[in-house]
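Hi there,

Here is the structure I promised to pass on to you. Please open it and keep it beside you while you read the rest of this email.

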Amino acid sequence: MPATQNSSNPYSSPATDPAPPPLAPSQAAHGLGIASMVIITCGVIYLVVAVATIPISILMYRDVTAESEAYAQPSFYLDSALKALVYELAFAVIGSLLIFAGWSIRKRKNYWISVIGTVIGCLPLPLVILSFFPSAWALWHLSRSSIRQQFHA
């Protein structure tokens, strides 16, 4: 006689509720891969612009210093040339950090570098129109414990 649903079998193992399977990385962090690619792209843009304009600033600095020595007076553009070099070096560092942070998000390594990179992506820099929303999205997902566990696993 077949067993019915209401009768219990004394010889069966106790019923356990099967635990839900852990979420796959793509399900746990929906859109995090796209956000990391946008962060990497913004970092590449910063780095390319900074590296491409450094020689121009160096030539401008050389021309300005040669001109100021010829007239024996400090040039007004000397300050601007030095500021341009500093900004370009800062953008090169920011671009490198964004590239590394985006790569870290994709590979689920270096949690704090990823967080710092997404915070820098939210700062009001020239590419904030492109990087703010993906960086905020990534930062929101990085604050979740399931994503943090993927970084530490």
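Below are some notes on what was found in it.

Please keep in mind that this is a predicted model.

Let's begin with the aromatic rings. The structure holds 6 aromatic pairs. One of them joins Y111 and F151, whose ring centres are 5.4 Å apart and whose planes make an angle of 75 degrees, an edge-to-face arrangement. In case you wonder about the two numbers, a pair of aromatic rings is described by the distance of the centres and the angle of the planes. W112 joins in too, as ring pairs link Y111, W112 and F151 into a cluster.

Are the two partners buried or exposed? Y111 has a relative accessible area of 7%, so it counts as buried, because the cut-off is under 20%. F151 is buried as well, at 9%.

Now stay with helix α4. Its buried residues are Y111, S114, V115, G117, T118, I120 and G121.

Finally, look at the surface. I45, V49 and L130 form a nonpolar patch there, with about 230 Å² of accessible area together. V49 sits in helix α2 (residues 32-71) and is partly exposed, with a relative accessible area of 46%.

Enjoy exploring!

Best wishes

Note on methods:
Residues numbered from 1 in each chain as written. Predicted model: local features only at pLDDT ≥ 70, side-chain atom pairs only at ≥ 80, totals over all residues. Heavy atoms only, no water. Patch = residues over 30% accessible without salt bridge, like charges linked within 9 Å, V, L, I, M, F, W, Y side chains within 5 Å. Areas by Shrake-Rupley, 256 points an atom, 1.4 Å probe, with all protein chains shown as cover. Salt bridge = Lys/Arg side-chain N within 4 Å of Asp/Glu carboxyl O. Helix = DSSP H or I, 4+ residues; strand = E, 2+ residues; numbered from the N terminus. Buried < 20%, exposed > 50% of the residue type's maximum accessible area, 1.4 Å probe, protein only. Phe/Tyr/Trp six-rings, centres within 6.5 Å; stacked < 30°, edge-to-face > 60°.
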